[in-house]
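Let's take a walk through this structure together, one piece at a time. Have the sequence and the 3D view ready.

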Amino acid sequence: MCGIVGYIGHRKATPILIDGLKRLEYRGYDSAGIALIEDEGLIHEKTAGKVDALVAHLADRTFTSHVGIAHTRWATHGEPSDLNAHPQVDNSGNIAVVHNGIIENYRALRQILEQQGYKILSDTDTEIIAHLIGFHYEDDLTEAVRASMSLVVGTYAIAVIDKRSPDVIVAARNGAPLLIACGENENFVASDAAAILSYTNKVTYLEDREIATVSINNFQISTIEKVKVDRQATELDWTLGAIEKAGHDYFMHKEIHEQPETLHNAMRGRLNFEEATVRLNGLTDHLDDLSRIKRVIITACGTSWHAALIGEYLLEEYAGLPVEVEYASEFRYRSPIIDDGTLVLVISQSGETADTLAAMREARRKGAKALGIVNSVGSTIARESDGGVYIHAGPEIGVASTKAFTSQIMVLSLITILLGRMRNISANMGSEMIAALESVPEKIQSILDREDEIKKIAELYYQSNNFLYLGRGVNFPVALEGALKLKEISYIHAEGYPAAEMKHGPIALIDEKMPVVVIATKDSIYDKVMSNISQVRARKGRVIAIATEGDTEIAQHVNHVFYIPAIKQCFTPLLSVIPLQLMAYHMAVLRDCNVDQPRNLAKSVTVE
Ligand code: M6R
């Protein structure tokens, strides 16, 4: 949510800051701005709209500064406008601040500042930080930031420059991600590694309540209470190619097509054929505890929550464990019953989602062991969890999650095999499951090779106003995910339902204008799903079925069929979701929507 980039070094800052903003634009894109320390003093320029609007706004200007900060925004306080865009500047015009997060006590602080005579011009909580720093500044920017942030309640990642301290950027974090990246005679501050990967892969993550003073060749970290912190840098193994479109029109399209490879990566080195189980390094220290757990709670948001629902089916069926799946936003405010035998699994692509992080902290506070299933290496959830498994999907830039979803299911499948082999399942079953998982990348490739078939269906239906998605058993969460993908990127209203629930309400919506996507793969509940299809057809609904190759019967009962390869029933979601991702993508393109940056959304939701 929002992107921060800061640069101090031997090169001119502006092109680096703009490049960084473009790479961060997937995190927030309603306004953008930049602040630099030029010879004539601090300058700041900002505009409502995307980074390109800022570039156009700066087109006639020449800047020579080697130090600056920049921001791309997802509005929380105040509408997207030039005035509310960041950087925000204090009344003296010396200090500029960019900020991700929400200052909860901003009204009280605003009142105090106004009583002191400060003129507050914007609707943002960020402007308050600029004035607070101005108020506390004597001759040391770091100390002014320290004094200011000790008064602030809320979440923040900030970067600050001051024309009186042109040799430093000061950064601080509490509850929103921020890192320092080191190059040769240059250092960076960023909310996300994508901003700096073209220049260096050496990063140091700030922890909550820490402040960093960053100069050209150096940086120092201390806590807000002034305790010095020594932290090793991490070397990221993400390549630049991973954050570029590589010939695809949109990142989402690229990421859908990467799935054979990302799923391969999620399994790499983890399958133990001899013992018909899996080896997950992040769980090695927890094997004793895992063999004793009696119950699992999985918590997540959005698409990750859908993956959690699939995990529930897998773990109950094959590990014989009772599983509860909770929206993180609800879990954090409940009084969950957690005992010695409860394992909490936390799923998050970004590893930074505010609700998921809070739910994990709450679970740990209550004594649970919390294991993360995370994509972003070094993210807060990855660092604060007791252990966990990276999904290794690589950077996901499209706001709509695709490859992370299938990799989350893959990792949940691996965890199921591990826990199942400690309990119920035989070596034969373990081997059968491993073999089935190994076949997934090739089967997904065969679906992607038939993308044109899906595109043709999308061409027929992209003008519909409503869609219903139905599935049963392990494919019910896939129906939810298909509906979420469609609504978030094409703005078509879509609902996912368990197929049999349709007759308890949604059936009232069905007429000849209502396309209904049904996952009707050949499995133990196929006949039941076929009855649900008949109920739709009897009311003239248009049925698009996702069926299993070799099913010669289904075509007579539906309007369109897309076939997917057969696979062990519990792993069908890994295949059945692919045509739904492609269908959402093509409908959004046909409707002229910005697929990667849908309105009102941001990739990583770091506010509550
Ligand atoms: O990074 P996370 O997995 O924690 O994100 C959770 C949701 O915000 C995310 O899945 C969201 O629903 C996506 N836009 C779905 O495509």
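Before we start, one term: a polar contact is a pair of N or O atoms within 3.5 Å. With that in hand, look at the ligand in this predicted model. Serine 350 has a polar side-chain atom that sits 2.7 Å from one of the ligand's oxygen atoms, so by that cut-off the pair counts as a polar contact. Serine 348 also places a polar side-chain atom 2.7 Å from a ligand oxygen. For serine 304, the distance from a side-chain N or O atom to an oxygen of the ligand is 2.6 Å.

Now zoom out to the whole chain. Between domain 2 and domain 3, the contact draws on 35 residues from domain 2 and 30 residues from domain 3.

What about the inside? The largest nonpolar core is made of 93 residues, and Ile298, Leu345, Phe467, Tyr469 and Phe571 have the most contacts within it. This core lies between domain 2 and domain 3, because both of them give residues to it. Take Phe467 as an example: leaving out residues up to four places away in sequence, its partners include Tyr461, Leu486, Ile492, Met514 and Met587. Apart from this core lies another one, of 34 residues, with Ala13, Ile16, Leu17 and Leu54 among them.

Leu54 leads us to helix α2 (residues 51-58), where Val51, Leu54 and Leu58 are buried. Looking down the axis of α2, you'd find its buried residues within an arc of 55 degrees, so they line one face of the helix. The face turned away from that buried side carries Asp52 and Ala56, which are exposed. And what covers the buried residues of α2? The cover includes α1 (13-24), β2 (31-38), β3 (41-48) and β4 (67-73).

Eight of its eleven residues are buried, so α4 is largely enclosed by the rest of the structure. The buried ones are Thr126, Glu127, Ile128, Ile129, Ala130, His131, Leu132 and Ile133. They pack against β5 (88-89), β6 (95-100), α3 (106-115), α5 (141-149) and β7 (156-162).

Methods. Residues are numbered from 1 along each chain as its sequence is written. This is a predicted model: local features need pLDDT of at least 70, side-chain atom pairs count only at pLDDT 80 or more; totals for chains, interfaces and linings use all residues. Side-chain values use heavy atoms; hydrogens and water are left out. Buried means under 20% relative accessible area, exposed over 50%, partly exposed in between (1.4 Å probe, protein chains only). Helices (H or I, at least four residues) and strands (E, at least two) are DSSP runs, numbered from the N terminus. The arc is that of the directions from the helix axis to the C-beta atoms. Contact means heavy atoms within 4.5 Å. A nonpolar core is a set of buried Ala, Val, Leu, Ile, Met, Phe, Trp, Tyr and Cys residues joined through side-chain atoms within 4.5 Å. Domain bounds come from an automatic or database domain assignment. A polar contact is a pair of N or O atoms within 3.5 Å; within protein, one must be able to donate a hydrogen and the other to accept it, and residues adjacent in sequence count only if both atoms are side-chain atoms.
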